[in-house]
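Subject: Handover of a structure and the findings on it

Dear colleague,

Please find below the structure that I am handing over to you.

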Amino acid sequence: MKRRSFLKKAGLGLAAGTAAVAPGIVNAQGAALPTVSWRMAASWPKSLDTIYGGAELISKRVAAATGGKFTIKVFAAGEIVGALQVLDAVQSGSVECGHTAPYYYFGKDPTFAFATSIPFGLNARQQFAWMHHGGGIELMRDFYKDFGIHNLPAGNTGAQMGGWFRKEIKSVADLKGLKMRIGGTAGLVLTKLGVVPQQIGAPDIYPALEKGTIDAAEWVGPYDDEKLGFFKVAKNYYYPGWWEGGPQLDMMIGQKHWDALPAEYKAILESACAEAYGWMVAKYDAVNPAALKRLISQGVRVRPFTNDVMAACYKASEEVFTEIAGKNAKFAKVYEPWKKFRDEQAQWLSIAENRFDNFMIAAQRTAQAGPAKGAPAKK
């Protein structure tokens, strides 16, 4: 009986010990790695399984790679804080990390927008290239330090649509007085053209559009927009989202929590975020075509912004960036090298990829159209 009692107590002691340290997971020096439990506040509702799914993917990968020693529990928008309060929650220490779009916080400082997207900026690949090989990550981390945050690129939606409008936008004049849900610095640009921008989190966009509180709204693209039901209250679906050519999402981590992580956990988390970036772009590319067809079958009218509207928006965006850079040294520090990188990327893509893409699009349209009317069929 004594031996049995001893074994039982030893087993309980071992169980208690593994709650703090798992001896099977060690670092390069052979020391056991600690158990770490974090909470992640996301800016997305659970129904959006691609953008919210990116946050979930990070959580799953980190847990799997550490044998459950490092866990991150994801909370959807509204469960801990609202969709637009993630940065504040990370700063205050309410949560250790958050998954969000940094440009939501441009009101604190417009420099945040570079970590997501600014009008007529970079596409998803270019954004990733700028971050990892163009000096972007260094510039943004230097900026984030003032907010006590370490950032990791952790998702991208790819080029977005231009949004849902109750009425047609045939000219710049049609923008005047329009109340539109739009995030980031794009609102500053559209203000110059008479738009009244509204920043609203995903769960609250549909009610605002339905009630007429806003006249137009943009979110991501066909797959997400279909889930949010915008087509039920606005039938004009415009493209492109010139303000979001490749909007990045960030994992925002409290600096003190990041600094406390073992090097092994840091590497695992970085890898998980990088995977989420590529995974998210790939999934949106895979699911958007079918979603767009479904929306069209519901009576949605897919329309391009006219060249006049695009040109006016481009001119206004250049004016806005120059004005901000003249007043905000932090913005200017990022904007100048970012702009140089963007311009060089545009030149490169115009030579190779753009020519290839345009040819393939034309070739496929020709093939789908079939032989010209009256032309003899090939034997």
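Predicted model: local features only at pLDDT ≥ 70, side-chain atom pairs only at ≥ 80, totals over all residues.

Residues are numbered from 1 along each chain as its sequence is written, and side-chain values use heavy atoms, with hydrogens and water left out.

The pocket

On a 1 Å grid over the protein atoms alone, a pocket is an open set of points with protein on both sides within 12 Å along at least five of seven lines, a cavity is a set where a 1.4 Å probe fits but cannot get out, and lining residues have an atom within 4 Å of a point. Grid points are joined across faces, edges and corners, and a volume is the space filled by probe spheres set on the points.

The largest pocket has a volume of about 1600 Å³. Its lining consists of 41 residues, and A159, P240, G245, D285 and D357 are the closest to its centre. Helices (DSSP runs of H or I, at least four residues) and strands (runs of E, at least two) are numbered from the N terminus. Four helices, α4 (124-133), α10 (263-297), α12 (329-351) and α13 (353-369), each supply at least two lining residues; the largest share, eight residues, comes from α10. By class, this lining has 20 nonpolar, 14 polar and seven charged residues. Here Ala, Val, Leu, Ile, Met, Phe, Trp, Tyr, Cys and Pro count as nonpolar, Asp, Glu, Lys and Arg as charged, and the others, Gly among them, as polar.

The cavities

There are three cavities of 30 Å³ or more. The largest cavity has a volume of about 90 Å³, and among its 14 lining residues Y103, Y104, Q160, V220 and E244 lie nearest its centre. The second largest cavity holds about 70 Å³ of space; its lining includes W242, W243 and F305, and divides into ten nonpolar residues, one polar and no charged.

The sheet

Two strands pair if DSSP finds at least two bridges between them. An open sheet of six strands, with mixed pairing, has the order β9-β8-β10-β7-β11-β13. Because β9 (196-198) and β13 (301-304) stand at the edges with a single partner strand each, one side of each is left without a neighbour in the sheet. Strands β7 (residues 163-165) and β10 (residues 216-217) run antiparallel and are joined by two bridges; W164 has A217 in β10 as its bridge partner.

Yours sincerely
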